[in-house]
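Please keep the sequence and the model in view while reading.

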Amino acid sequence: MPRLTIHEDRCKACGLCVEFCPKDCLALSDKFNPQGYHPVELVNPDECTGCAICAKMCPDVVFKVEK
Amino acid sequence: MKTVFERPQSLVDTSFHFCPGCHHGTIHRLVAEAIDEYKVRETTIAAASVGCSVFLYDYFDIDVVESPHGRAPAVATGIKRANPDKFVFVYQGDGDLAAIGTAEIIHAANRGENITVIFVNNTVYGMTGGQMAPTTMLGQRTTTSPYGRDFAQDGYPIRMTEMLAQLEGVGYAARVAVDSPAHLGKARKAIMKAFATQIENRGMGFVEVLCTCPTNWGMGPIEANKRIAAEMIPYFPLGVYKERTGSDFM
């Protein structure tokens with residue numbers, strides 16, 4: 001199973017990863033990060049294929065993807 | 001377990017100051033990936049510009065010289081001529097390269113300076129407060145074109161890649177975008193080619209990257225990202241405009 005590491009503190013909640021995830025695995029959470037944004041979280045880990053589209057679209061290099 | 005994606009080594013492990021959804025971060029990452037790919041981190045000197053990309057020296061683990069507004073190609077010329085064994089690139093926005101620094105980029109290109117140019121076109125002056133740039137689209141509202149850009153008064157958006165591609169000194173010229181995974185793949189490839197052009201001594205490698213500025217466009221990040229395909233690409237067509245091979249080098 002792929003492993004997605006999310007550097008939440010870096011997330012600015014732009015939502016590009018959520019928009020482009022082909023399996024709708026990601027969503028913006030309700031909590032706040034130190035920058036005051038609602039960071040992205042993995043809500044559907046079973047569907048994640050480790051395609052890394054989220055990581056490539058992210059302007060803030062929030063993701064690390066292993067599989 | 002194999003790592004599919006991680007932060008490039010040449011990109012310092014710190015937060016960007018860019019606004020949410022701004023593509024500068026994406027383009028910084030692509031450039032850092034190219035530096036890693038060609039293993040030139042120890043020998044790279046960048047000439048940074050003025051604008052949102054001004055903090056390049058904080059984000060790349062390389063040596064950077066800060067240039068006066070628009071003059072990065074002139075600074076890079078000096079660096080490269082004094083140190084021909086170093087890898088030299090400039091990273092400039094459209095206010096910097098296409099307005100204030102028009103003379104510097106055209107003559108550096110015409111002289112065939114062996115440098116790599118990353119040109120970030122977001123159709124607006126970003127850091128200075130969203131003023132109209134030469135690349136601003138017709139009808140686009142900015143702080144200095146509050147009723148929209150009008151060609152009768154302000155002229156037309158300038159297409160830098162087409163203009164520079166016709167100069168003999170340019171070895172590679174391409175326009176790419178980073179608004180979708182497919183475009184990102186092509187953008188990565190173009191930046192790699194622009195790096196290779198310099199390494200193989202084939203003149204200037206020039207890549208224009210279409211990029212968002214959600215803050216100064218008055219849009220959310222997703223809406224701004226969609227504007228690239230809807231409005232910018234039809235006027236600024238993507239593609240490779242010039243690619244010299246060894247055989248046609250004069």
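Are F119(B) and F206(B) buried or exposed? Both residues are buried, a term that denotes under 20% relative accessible area, with exposed meaning over 50% and partly exposed in between (1.4 Å probe, protein chains only). The model is predicted, so local features need pLDDT of at least 70 and side-chain atom pairs pLDDT 80 or more, whereas totals for chains, interfaces and linings use all residues. Residues are numbered from 1 along each chain as its sequence is written, chains are lettered from A and ligands numbered from 1 in the order in which they are written, and side-chain values use heavy atoms, without hydrogens and water.

Over all chains, the structure holds 11 aromatic pairs; rings of Phe, Tyr and Trp (its six-membered ring) pair if their centres lie within 6.5 Å, and planes under 30 degrees apart count as stacked, over 60 as edge-to-face and the rest as tilted. The ring centres of Y38(B) and F195(B) are 6.3 Å apart and the planes stand at 20 degrees, so this pair is stacked. Y38(B) belongs to the loop between α1 and β2 (44-48) of chain B and F195(B) to helix α8 of chain B, so the pair ties together parts 157 residues apart in sequence. Y38(B) is partly exposed, at 30% relative accessibility, while F195(B) is buried at 0%. In F119(B) and F206(B), the centres are 5.9 Å apart and the planes at 40 degrees, so that pair is tilted.

F195(B) also takes part in the contact (heavy atoms within 4.5 Å) between α1(B) and α8(B), as does R29(B).

How values were computed
Helix = DSSP H or I, 4+ residues; strand = E, 2+ residues; numbered from the N terminus.
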